[in-house]
Amino acid sequence: MAKNAWPPADKTVLMGKRIARLDGPAKSTGRAKYAYDMNRPGMLYARLLSSPHAAAKVTAINLDEAKKVPGVVGAWAEIATAEPDNEVRYAGEIIASVAATSEEAAREALTKIQVQYQVLPHLVDDTDATKSDGREQGEDKPDAAAVDAAISGAEVKVSGKYGLACITHACHESHGQVCEFGADGNLYVWPSTQNVSAYAGGLKDASGLAVNQIFVDCQYMGGGFGSKFDSGRWGAISVRISKETGKPVKLMLERDQELLIGGNRPSAYADVTVGATKDGTISVWSSNAWGSGGMGGAGRLGVPYVFTKIPNVRTLSKGVRTNRRGAVAWRAPGHPQACLITMAAIADLAAELKMDELEFFLKNVALTDRPEVYTEELKIAADMIGYKDKAHLRSNPTPGTLKRGLGIGIHTWGGIGNDSQTEVVINPDGAVSVSIGTQDLGVGTRTAVAIVAAETLGLPLDKVQANIGKNSYPPSGASGGSTTIGGVSASTRDASTIALNALLEKVAPVLGVTVDELEARDGKIQVAATPSKSLPWAKACSLLGQMPISGRGENKRGKGVSDGTILDDQGVGGVQIADVSVDVETGQVFINEFVAVQDCGRIVDLLTAESQVYGALIMGVTYALYEECIYDNITGRMLNADLEFYRLATLADVGKLKVHMMTGPGYDTRGVIGLGEPPVIAPGAAISNAVANAIGVRVPTLPLTPEKVLAALEQGGKLA
Amino acid sequence: MDSETPAFVFPCKHIRSKEMYYQSSTDENDPFSSGMFWCARTHESFGPDGEPVERVECKADRRCFEE
């Protein structure tokens, strides 16, 4: 009888190997259809009008001229014009919508809408907490007097201000969907979402339908990063327009709106004092932090990060309410911010001690939750980047105007598997279908599902059909918090095992053995002790007669699969070291090499796991060096809502990337853990520390633009 | 119910967080939860009344609250 427990890593045929994505050819040839690629007969194109004002009251909306544009089918006010619901709270907020038979007509109609605003005072500057009207979220731990005493008693201490600007998600595929009411009265939706199984719930009110009448299909999607759980106002508006007009509707955000309202990773700033003994043991941490998540909260900021066992800690934090789009979860919410603030302060302390940064991290690794993992990873990362040959103290910079430096960042994440169900069907002809209501954000989930099923059934990968992306399949959790791979691997293993055991029941009497003596391997059902005694897979499946068999597997978060076996896990650590050069005449930062060492438990597909880390490093370089939502304090508008001035890294910018995945005892003997979050946490910290090591002073905030680098050099590292 | 047991307060039915979509229960002290919320009516981080959406904020004394 097949068991759910994972086979030993050295006994697997597919799991843990480097396997290319199954949908790679479809994506690279354009056969893969994204939401925007969906076109329905008679489809209308909807567009949204955004407020140009950061704070205002709408007193009138005139849609008459918009409705006269040829091809326009309708125009609608999306905000009230009377108290108390007529207030606009950020520039970009949706004011009106139009639908037309062409995109051009819809765009033209937007220009004809006349809106009267009563402009109100606004606040978009989040860098100065004293200007805030935000509410306090502070907490003291432990008592302030003990921390003050520890600071006074610290043999070495540094104080500094550190922070990260607000960034947006900048998804290459913008938010939106195509929707259509069928002749059967049901609603069919093709969205870009990271939440296939539960997406329909967000459209229930707009459609007037029960959730089981809303059919969602998302086979491919181009980036969500935490911003595509909800159907959004745009989703509800497009359904309402479709219902009212009786036509299919496509509503995808335009690029400027995507950057304005598609997402918002909150900013975070902190005044930090950190102290240590002369031998370099961190003894005290005190921080006063603030950040802005628009008109809502700024989320969690857990400092000191990773070094959670520092003995004397006081943290205060405050949300600054600004007239910006509200906070939206961005990969590892709060962690990149907490990591930068903590690692920068700690590296500055090492510099003050005139202690090597790697030596300092190793010395204090006992203050983390995973000292053994971080110690091993720090040493591997140091070897990979040639730390011993390149390292120098911050006080001893390299000669010339192109300064070179190394910087370290370490991170942690949970990543326990989500609630997930899978159905595996084995057909009499041997064909296998795996169906699960999960989604592939481009990271290889479809491939991972197929690998787990094929490994369990002893089949080549191409003999398994993986069906994902529809809410008509068994429900599986949204892709958030790095929970997908753990959940879908576990439920797929469970379903495959259940289906396989049903097949083994048919085969056992034919081979004259008990079910317990059989295994599926190499395309056969065989007696484990006597592999020559076997039936080819197709022959074995022919014993089913004319009826397929199926298995339904389920993973419950933290409780395992149907027989209680735990196949996922949680808690990972990673280390990253950046090697940068900084031109002290121009302020430009260049990435020479960037090394990531990552633990993620049992690896399903080594190639896509490494790919996840490479992608995270590129995204990390982007937010470390370039990304920032630049707001004009006078108008309250975002000035760079496009991909020309909201710059993303290109391959020419990222340097030589090296990834090492931790395997072997203690790593692949664990369950499966997600990777979406962990490797994107530390790049900002590692690159900031490398720049400080190179130029001898701290650039206090990300992104590390030439202007900020030059200012830091001029001001000796103090924030202006 | 024991008189010393605090009454369970239902949050507004329109409050959402990403964690609701992949785990059956949420722990506010989980260091890996986002601490970010939105309103299913406005699809914004503020409710129909313009006030922030948060678990402790979305309670019965707001005009937009629905249990």
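# A walk through a two-chain model

Let us begin with chain B, whose secondary structure comes to zero helices and two strands. The structure you are looking at is a predicted model, so please read everything below as a description of that prediction. Chain B has 67 residues, and buried residues make up 36% of them. If you take the contacts in chain B between residues at least 6 apart in sequence, 32% of these join residues at least 24 apart.

Where the chains meet, 36 residues of chain A are in contact with 24 residues of chain B. On the side of chain A that touches chain B, helix α6 (residues 232-245) of chain A gives the most, with three residues. By class, the residues on that side of chain A divide into 10 nonpolar, 18 polar and eight charged.

Next, look for a sheet inside chain A.

At one end, strand β13 (residues 282-291) of chain A pairs with β14(A) in the parallel sense over eight bridges. Within that pairing, N288(A) has L316(A) in β14(A) as its bridge partner. At the other end, strand β7 (residues 156-164) of chain A and β26(A) run parallel and are joined by two bridges. Here you can find L164(A) standing opposite L702(A) in β26(A).

Chain A also holds an open sheet of four strands, in the order β15-β23-β24-β25, again with mixed pairing. Its edges are taken by β15 (402-413) and β25 (656-661) of chain A, and since each has a single partner strand, one side of each is left without a neighbour in the sheet. Ignoring direction, neighbouring strands of this sheet are turned by 15° against each other on average. How many bridges join β15(A) to strand β23 (residues 572-583) of chain A? There are 12 bridges between β15(A) and β23(A), and the two strands run antiparallel. One pair to look for is W413(A) with its bridge partner V572(A) in β23(A). A helix packs on this sheet too: α16(A) touches β15, β23 and β24 (589-598) of chain A, and the direction of α16(A) makes about 155° with that of β15(A).

That helix leads us to our last stop. Helix α8 (residues 335-352) of chain A packs with helix α16 (residues 683-695) of chain A at an angle of about 30°, their axes lying 8 Å apart. Angles under 35 degrees count as roughly parallel, and α8(A) and α16(A) are therefore roughly parallel to each other. Their crossing is right-handed. On the α8(A) side, the contact is made by P336(A), C339(A), L340(A), M343(A), A344(A) and A347(A), while α16(A) brings G684(A), A685(A), S688(A), N689(A) and A692(A). Sorted by class, the contact of α8(A) with α16(A) has eight nonpolar, three polar and no charged residues.

Conventions: Residues are numbered from 1 along each chain as its sequence is written. Chains are lettered from A and ligands numbered from 1 in the order in which they are written. This is a predicted model: local features need pLDDT of at least 70, side-chain atom pairs count only at pLDDT 80 or more; totals for chains, interfaces and linings use all residues. Two residues are in contact if their C-beta atoms, placed from the backbone, lie within 7 Å. Ala, Val, Leu, Ile, Met, Phe, Trp, Tyr, Cys and Pro count as nonpolar, Asp, Glu, Lys and Arg as charged, and the others, Gly among them, as polar. Two strands pair if DSSP finds at least two bridges between them. A residue is buried if 20 or more other C-beta atoms lie within 10 Å of its own, exposed if 12 or fewer, and partly exposed in between; C-beta atoms are placed from the backbone. Axes are lines fitted to C-alpha atoms, for helices over the stretch in contact, and angles run from 0 to 180 degrees between N-to-C directions. Angles under 35 degrees count as roughly parallel, over 145 as roughly antiparallel, 65 to 115 as roughly perpendicular and the rest as oblique. A crossing is left-handed if the near helix is turned anticlockwise from the far one by less than a right angle, and right-handed if clockwise.
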